[in-house]
Amino acid sequence: MGSIIIVLHAPKEREIESVKQVWHLAFEPGFIVYSCIVMLFVIILVIKFEKPYGQTNMLIYIGICSLMGSLTVMCIKALGIAIKLTFTGMNQFIYAQTWFFAVVAALCCLMQLNYLNKALDIFNTAVVSPVYYVMFTLFTIFASMIMFKDWDSQNATQIISEICGFFVILSGTLLLHMTKDTSDTSNSEQPILSETELQNP
């Protein structure tokens, strides 16, 4: 339901005429600051928190995946625009910027998949998937808002509706966690019968 609300009130994509236009958007001060903050947090999580807390706290791995994922989506979006413009007759692969986005997208994807696999190997998939979905969605929307200035063309009602949609997703994830925790607790409280008790009910 939350995803439907977000999609229905999503902003219209701005018209992009060249990959160079995306390049200028990526190197505006706002997105440069966001990218630096993301890389700083990723480095801190990898160096300071991965070894001592990665095996016990899934937010370490999921945080790295989600932060890198927001940059991945921006690069993939730039590549998608380049491919679309190329098919219309304006070849964008003659520009170095297109290949830069491709290389960054590949590196971010590799790092993202690496830490996502680590999280799935250690923690329950039923827990990792929804938490990753929420964090990935949050950072991607935030990155898109900064880079493409998506909310400039929206009114207050549309923005509030998108925020409500996100909170619906977040509430569903928290409810899923609460239900799972309750189930785990009830299972752990069940008495374990000895072999003698099983043979003599």
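This is a predicted model: local features need pLDDT of at least 70, side-chain atom pairs count only at pLDDT 80 or more; totals for chains, interfaces and linings use all residues.

Visitor: Why is isoleucine 62 called buried?

Guide: Buried means under 20% relative accessible area. Isoleucine 62, which lies in helix H4 (residues 58–87), has 0% relative accessibility, so it counts as buried.

Visitor: And serine 129: why is it called partly exposed?

Guide: Partly exposed covers what falls between the 20% limit for buried and the 50% limit for exposed. Serine 129 has 37% relative accessibility and therefore counts as partly exposed. This serine 129 is found in helix H6, and its C-alpha is 9.4 Å from that of isoleucine 62, at 67 residues apart in sequence.

Visitor: Let us turn to helix packing. Why are H3 and H6 called roughly antiparallel?

Guide: Angles over 145 degrees count as roughly antiparallel. The axes of helix H3 (residues 29–53) and helix H6 (residues 125–147) cross at roughly 150 degrees and come within 8 Å, so H3 and H6 are roughly antiparallel to each other. On the H3 side the contact is made by Gly30, Phe31 and Tyr34, and on the H6 side by Phe139, Phe142, Ala143, Ile146 and Met147.

Visitor: How many residues of each class does the contact of H3 with H6 have?

Guide: Seven are nonpolar, one is polar and none is charged. Gly counts as polar, and Gly30 is one of the H3 residues in the contact.

Visitor: Now the rings. How many aromatic pairs does the structure hold?

Guide: The structure holds ten aromatic pairs. One of them joins tryptophan 23 and phenylalanine 101.

Visitor: What makes that pair of tryptophan 23 and phenylalanine 101 edge-to-face?

Guide: Rings pair if their centres lie within 6.5 Å, and planes over 60 degrees apart count as edge-to-face. Here the values are 5.9 Å centre to centre and 75 degrees between the planes, an edge-to-face pair. Tryptophan 23 is in helix H2 (residues 19–26) and phenylalanine 101 in helix H5 (residues 96–122), 78 residues apart. Tryptophan 23 has 22% relative accessibility and so counts as partly exposed, while phenylalanine 101 is buried at 4%.

Visitor: Why is the pair of phenylalanine 31 and tyrosine 34 called tilted instead?

Guide: Planes under 30 degrees apart count as stacked and over 60 as edge-to-face, with the rest tilted. The planes of phenylalanine 31 and tyrosine 34 are at 35 degrees, with ring centres 6.0 Å apart, so the pair is tilted. Both lie in helix H3, three residues apart, about one turn of the helix. Phenylalanine 31 is buried at 7% relative accessible area, and tyrosine 34 is buried at 7%.

Visitor: How do you know that the charged end of lysine 77 sits over the ring of phenylalanine 148?

Guide: The distance limit is 6 Å from the ring centre, together with a limit of 35 degrees from the ring normal. The charged end of lysine 77 is 4.2 Å from the centre of the phenylalanine 148 ring, and is placed over that ring.

Note on methods: Residues are numbered from 1 along each chain as its sequence is written. Side-chain values use heavy atoms; hydrogens and water are left out. Axes are lines fitted to C-alpha atoms, for helices over the stretch in contact, and angles run from 0 to 180 degrees between N-to-C directions. Helices (H or I, at least four residues) and strands (E, at least two) are DSSP runs, numbered from the N terminus. Angles under 35 degrees count as roughly parallel, over 145 as roughly antiparallel, 65 to 115 as roughly perpendicular and the rest as oblique. Contact means heavy atoms within 4.5 Å. Buried means under 20% relative accessible area, exposed over 50%, partly exposed in between (1.4 Å probe, protein chains only).
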